[in-house]
Amino acid sequence: MCSTLYSFTAKVILMMESTCLNSIKDESQVLIKKGENIKIFRVKKGRDIFMDNTKFSLDGAIGHPFGTTFDVVKGTLVKVANGSNKEIESAGKDTEGSQLKDNRDLYDLNSNQKLSKEEIERLKKDGVSGNELVEHLIENSLTFQKKTEYSKEKYIKKKKRKHVLQLTILRPTTRLLCEMYSKSAQKICYLRVDTLAQMLTYGNIHAGITVAVVDTCQGLVVGAVMERLGGFGQVIHLYHESIPNRTAVESYDFPVEMMKTLYSFPLNQVNTLTLKKATHEVNNECISNSDETIKDTSEQMDLEPDASRNVCDALIVDKNDISEKRTDVDSDANKLCEKSVGKNKTEGKRTHDESERKARKEQRAKEWKDARDLLERGQLDCLIIASKLHPTPIVRALMKFVAPSRPIVVYSQFKEALMDCGVSLREEGGMVNYRLSETWLREYQVLPQRTHPKIQMSGTGGYLFTATTLAKISVMTE
Amino acid sequence: MNFCKYKEIIEEGDTVILYLGFNNMHAITVKKGETFQTRYGALRHSDLIGIKFGGKVQCPKGYLITLHPTPELWTVNLPHRTQILYTTDISLVTMQLELRPGSVVVESGTGSGSLSHAIIRSIMPVGHLYTFEFHPQRAALAEQEFQNHGISQYVTVAHRDVCSDGFGIENVADAVFLDLPCPWLALPSAKKALKQQGGRLCSFSPCIEQVQKTCEKLTELDFVELSTMECLVRNFDIRTISLPIADLGPHSGEAANNSSRQKAVLLDIGDADKTQNTSNDENQMKVNTRYHQDLIGQKNETSFCFKSGVPPTQMPGHTGFLTFATLYPQ
C-alpha cells in the first residue's frame, strides 16, 4: 500500500520538478533578490511591478530558468551574460602599493564628487546604464584613486547597490522566504531561520507522516513542513481567528496535488475533538500512511457524529435560515461572506451568491470534517506549535492525539511561556526528553585579510521546547 | 527495520532507544537471547519484543522507556568512529541545502553517519544520497548500518578519496556537503557533480583558515551567495531559584519614611485592591508588603523565589563554520 501511495506521489514530485523547479512561467510565484533585499511577486503577463522605486515588467523572465540574473533596462528584464559582473568588480583594482595607502589625506566633502545630483539624474534619464553610471562616478571622484584597494571595492559595491538595478529571480523555498521575512520578523513571531530548521529536525518531519501545525506565522511553518513532506503525508493547519492566514504557503506555489495534503481546522473547535479508538490495532507497518485506516475511521465516525458536527450539517442543509442558525461554530468568515452578499442587491445575483456561499460552506464543513477525522484518530506523528499564543493550553489539549514516541515541538518568542509549558507538562506526565533551548546564529564576512563576524547580528530567534510522547495506557496504569 | 518510517510495536532486529534520562540513553538492536546491562539491572532483549514504542519496560531496579529511533536520537547514541555533526548544525545544513523528498545529495566524508541519517530522512522516498568515505573500514561499517536500519535503498556508499580522485559523478546532485580537511581540493569536482540547473553547496570547517581558502575557491568557480555562519545551541534547565534577601539593618530618620513609601509602590503593582482597602492603615500595609506577590516571582521576609531557565555554566562554544554557496544554472 505504501508503495502505491509513494508511486502516486512520486508523480507529484516529478510534476513539481517539471513545473516549478526549472523555469519561470506566467503565474509563477518568484522571489526577486537584489543584494540583501528579497521580495515575492507573482508573474503576470503585461503587468508591471515596483521595486526600488522602479517600475518594470517581469515578462522577460518567462521561459528562463530560476536562478537567472537580469538587468532592468527601460522597464524590461534583460538577461545578464555569465561572468560580465567580474569585469566591473575588478575595474578599480590597482595592485601596486595599495596596502600602503590610508585615509589620512581623505576628507568627507560633498565636493569630492564632481557630478552633481542633477547631472546624475540627467545621465540616468539619457538611458545610461547603471554600470556606466558607476564608471562616471568613479571618473569624477576626486578621492577614488587615493583610496585603498579595499576601500575602492567597497565604494564600487555601494554605488552599484544604489544605481545598478540588477536582480536574480529565484524559486521560493523555506530558506529564501525566511530571509525575506527576516526584514519584517514581527509577521512571523520573530521566528529565525535556524530556529525553524531546528523545529523541522526535532519534529522529525519526513515524507509519509501526519503533522499538526499551530501556526500564526503567516503559514510559514505550515509551508516549511509541506516542503519537507513533498506531497507524502498530511499537514493539518490549526488556525487562530476566523480564516487561516497562509500567505507564506501561497508563496511556495505548491502544485494542486500537494495542496490536497493540507487540511485546516480552527483552534476554537479543538475542545470538541474526542479521541477515537483505532478500528483495528494490528502491526500495520505504516499506519499513518494507510488510506484504508482513514476510510475505516471516517466511516465509523459517520455513525456517531458529535454535537458540533450536527450543527455544521444543519447549517448546510438549512439554506433559508442560515443567519438565524448561526452559532459559535460559525465564525467571522461567514460574516465576511455575508457582507459581500449584502452588497449585491439584485435578486438573480443573490440566488447565485447564495448557492456559491452554500457551496463554500459545504466545502469548508468537509474540510473541517476531514481534518477532524485525521486528528481524532490520535495517530499524529508530530505536533508543532509556532504562534503568538500561550502554548500550554494548546499542547495540553492536543497532546492526546499524538501517537506514542513522537516529538512535539513548541516555539515561542518568550522563554517564560515555554517554561510554563515544561513545568505544566512535567506535572501532567505522559512525555519524556523535555528540552528547552535557544540557538544563536552568527554570520561572517569572509574576504581576503578582512574576515570577521558581521557587524550586525540577530539578538534572538526565539525559544524552543521539545519533548517525546509516551504510550498512553502504560503511563496511566503504572 | 525501517529507521525512517514509524512503526508501533517493537520486533526482533529493530533499533530501540532505551531512555533512562535526558543524558542517559542507549541505542540497541533487539536480538532474542541477548541482555543489556542498565543502571536498573539487566534487560532481556526478548522483553522488548511485542511492546509499543514509547512504552515502559520493567527492569529489576526500575523501569526504562523504549523510544522509536529518529535521526536526532541516533546522533546522540551512535557509535563514534569520527567526530560527528550534531543536530544544531545538521538542522541548519538541511535547511540551507534546501533538502526535501526527491533531492539528490552528495556527501563527503561519511564519518560516523550522523548527518547521513538525517539527510536520508529528509530526501526519502524519492531522493538519493551518494556518500563518500576515504577510510575503507568506516565506509563498510556505514554501509552495514544503513542496511540494518532499512534505509540502504536511499544511499550509495563509496570508498573513495574525493580530494584526489573526485566524486566521479556529473550533473546529478541538487546539493553537496563537504566535511573535509581541505575542502577546496574537492570543489571543482563538486561543481561537476551538481545538476546543470545549479544547486547548493555546504562546507563544514572548524578553522577559519579553511573557510578563507574555501571561499576563495568558491568565488573562482563562479559560486555565488556565499554565506558563512556559526550556530550554537543553549539548553535551559527550568529551576526554582530562591535568592536570600539581604539584611540591611534597621531604618532611621528620612530613610524610614522613604522605605515605607517604596513599599506602598510595590504593593500597588502586586495587589492594587488591597492597597485601596488598607491605604489608610499604615500598620496593615506593612503586614501585606511582607508577602508581596511580584510579577515575576514570590517575595517573602527572607527570600525572593522565582522560576528561571538556567543556562549551563559550561557549553560547547564552537563546532565549526558552515559555509554555504549557490551555483546558478550554467
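In which loop of chain B is Ser112(B) found? Ser112(B) is located in the loop between strand 7 and helix 3 (114-123) of chain B; helices (H or I, at least four residues) and strands (E, at least two) are DSSP runs numbered from the N terminus.

The model is predicted, so that local features require pLDDT of at least 70 and side-chain atom pairs count only at pLDDT 80 or more, whereas totals for chains, interfaces and linings use all residues. Residues are numbered from 1 along each chain as its sequence is written, chains are lettered from A and ligands numbered from 1 in the order in which they are written, and side-chain values use heavy atoms, leaving out hydrogens and water.

**Annotated site in chain B**

An unreviewed UniProt entry carries the annotation "binding site" for Ser112(B), Gly113(B), Ser114(B), Leu115(B), Glu133(B) and Asp179(B); positions follow the numbering used here, feature names are shortened, and annotations may be inferred rather than shown by experiment. These residues spread over 68 residues of sequence yet cluster in space, with a largest C-alpha distance of 13.3 Å.

Ser112(B) is buried at 2% relative accessibility, where buried means under 20% relative accessible area, exposed over 50%, and partly exposed in between (1.4 Å probe, protein chains only). Beyond its neighbours within four places in sequence, Ser112(B) is in contact with residues including His80(B), Thr82(B) and Glu145(B); contact means heavy atoms within 4.5 Å. The side chains of Ser112(B) and Thr82(B) are joined by a polar contact of 2.9 Å. Such a contact is a pair of N or O atoms within 3.5 Å; within protein, one must be able to donate a hydrogen and the other to accept it, and residues adjacent in sequence count only if both atoms are side-chain atoms.

Glu133(B) belongs to strand 8 (residues 128-133) of chain B and is buried at 3% relative accessibility. A polar atom of the Glu133(B) side chain lies 3.2 Å from the backbone nitrogen of His135(B).

**Sheet in chain A**

Five strands of chain A form an open antiparallel sheet in the order 2-1-7-5-6; two strands pair if DSSP finds at least two bridges between them. Strand 2 (37-42) and strand 6 (76-79) of chain A each have a single partner strand, so one side of each lacks a neighbour in the sheet. Strand 1 (residues 29-34) and strand 7 (residues 166-170) of chain A pair over three bridges, and Ile32(A) has Ile169(A) as its bridge partner.

**Salt bridges**

Over all chains there are 27 salt bridges, each a side-chain nitrogen of Lys or Arg within 4 Å of a carboxyl oxygen of Asp or Glu.

| Pair | N to O distance |
|---|---|
| Lys33(A) and Glu179(A) | 3.1 Å |
| Glu98(B) and Arg175(A) | 2.9 Å |
| Glu8(B) and Lys52(B) | 3.8 Å |

Lys33(A) lies in strand 1 and Glu179(A) in helix 6 of chain A, so this pair ties together parts 146 residues apart in sequence. Lys33(A) is buried at 13% relative accessible area, whereas Glu179(A) is partly exposed at 26%. Glu98(B) and Arg175(A) are both buried. Glu8(B) counts as buried at 18% relative accessibility, while Lys52(B) counts as partly exposed at 24%. Salt bridges that share partners join Arg175(A), Glu98(B) and Glu225(B) into one network.
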